[in-house]
Amino acid sequence: MASRHPTPAIGRAPKVSFVSLGCPKALVDSERIVTRLRAEGYELSRSHAGADLAVVNTCGFLDSAQTESLAAIGKALAENGKVVVTGCMGAEPEKITSRYPQVLAVTGPHQYESVLEAVHRVLPPRHDPFLDLLPPEGIKLTPRHYAYLKISEGCNNRCSFCIIPKLRGVLRSRPAADVLREAERLIGAGVKEILVISQDTSAYGTDLKYAASAWKGREVQARFLDLARTLGELGAWVRLHYVYPYPHVDEVIPLMADGKVLPYLDVPFQHAAPEVLRRMRRPAAQEKTLRRIARWREICPDLSIRSTFIVGFPGESEADFRLLLDWLEEAELDRVGCFRYEAVAGARANELTPAVPEAVKEERWHRLMSCQQTISARRLKRKVGTRQQVIIDEVRSGGRSQPNAGGTIAKGRTRGDAPEIDGVVHVASRRPLRLGEIATVRIERADEYDLHGTVVGF
Ligand code: SF4
């Protein structure tokens, strides 16, 4: 039977459609694969139907993410027929092949070479030394003005609800010079904001015993503080994600107070009750986090803290949950995400008892969200009347119906808001704004999640 998607005609570049599911860490993997494909002369197709081959980068963290990944594979098969699967779910290929035996190849997380080999087998690259040029910044799936920078792979922690260490292995940090070179290349290509990610950013370099590497005629140690400081010297916004409250994290707060690194910390606390944290086997669970947060804010009053929490973890009592709410009241975090506990196949937490009934999880989730909504709104209100630096993410021209007829309406973020997960600033401006531009905005109003203001300078 003739293939529905024959090899592309001579002279036409082979086209690949790409679906990226999951967390920012998976997005970085996708960007690397796409960059390599583009460098080899492949074109990207916006739709599966218009492509010669589809690649699906899956997420396997939660059962719901696996369901979403399987649905994406099914869609790619229906619309294209030639599908290569990669990513976290690829660590357990039978889950995919039992449902979709027609998938052409399944490769695991970070196996760039295997994905590329599979693509080459099905859809050989067209060699054209004049056309196969890689733009200096690679091909970013995120908007051009911000980029994720992955500083390590894997994780040495063993949180009982998580299978990432099983899927991704132990911590493997990149040498500091390697990370810095990538950051410099991104900035040279127009990136204004670097989002530092890994499974555990504060553990960076421990596996390398903090070994130094040569960068611009000096030695930089693979150490959280040294890397943050040196990244901060490159002239872009630097935002730190997935930081645990270990004592050495305190050292980075003065860099934030001095404006070298954004005054922003994404700390996945997950809970506050000691017994729940113990059962979760969370790193740095013993640290006095409330005292630590208060100290951070003394040093850097502008600090924004975002976190995520899990409610309904096995054994979480009403008293544990109330302790979490009281902790949130005192901690006054700026942004909070909350998940109802979900069993992940292969995680040790599945053996813990008693399970919290679904209805109780749901009720606790609503109570936490409403408690935090009041706290976040209170913290946002404090920004009304201040001037904030805002990076512009989206621009729309104002029409006659707009309050600032003839001006520009845009969306941006303060230094305290990360893209995709935090709030935005709705910005009015008399003069046109460009994507990635950083403007000074007077904040006039706050609602539950977002701010509203007018540009007063650049
Ligand atoms: S720190 Fe815990 S939750 Fe995060 S990746 Fe490591 S084991 Fe998983």
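**Note on two helix pairs**

1. Start with the first contact. Ala176, Val179, Leu180 and Ala183 of H6 meet Leu227, Thr230 and Leu231 of H7. The residues in this H6–H7 contact are six nonpolar, one polar and no charged. The model is predicted, so side-chain atom pairs count only at pLDDT 80 or more.

2. Now the geometry of that pair. H6 covers residues 176–188 and H7 covers residues 224–232. Their axes come within 11 Å. The crossing angle is roughly 25°. Angles under 35 degrees count as roughly parallel, so H6 is roughly parallel to H7. The crossing of H6 past H7 is right-handed.

3. The second pair is H10, residues 289–299, and H11, residues 318–331. Here the axes come within 10 Å and cross at roughly 15°. That angle makes H10 roughly parallel to H11. H10 passes H11 in a right-handed crossing.

4. Which residues of H10 and H11 meet? From H10 come Thr289, Leu290, Ile293 and Arg297. From H11 come Trp327, Glu330 and Ala331. The contact of H10 with H11 divides into four nonpolar residues, one polar and two charged.

5. Charged residues: none between H6 and H7, two between H10 and H11. Nonpolar residues: six for H6 with H7, four for H10 with H11. Each contact has one polar residue.

Technical notes:
Residues are numbered from 1 along each chain as its sequence is written. This is a predicted model: local features need pLDDT of at least 70, side-chain atom pairs count only at pLDDT 80 or more; totals for chains, interfaces and linings use all residues. Side-chain values use heavy atoms; hydrogens and water are left out. Axes are lines fitted to C-alpha atoms, for helices over the stretch in contact, and angles run from 0 to 180 degrees between N-to-C directions. Helices (H or I, at least four residues) and strands (E, at least two) are DSSP runs, numbered from the N terminus. Angles under 35 degrees count as roughly parallel, over 145 as roughly antiparallel, 65 to 115 as roughly perpendicular and the rest as oblique. A crossing is left-handed if the near helix is turned anticlockwise from the far one by less than a right angle, and right-handed if clockwise. Contact means heavy atoms within 4.5 Å. Ala, Val, Leu, Ile, Met, Phe, Trp, Tyr, Cys and Pro count as nonpolar, Asp, Glu, Lys and Arg as charged, and the others, Gly among them, as polar.
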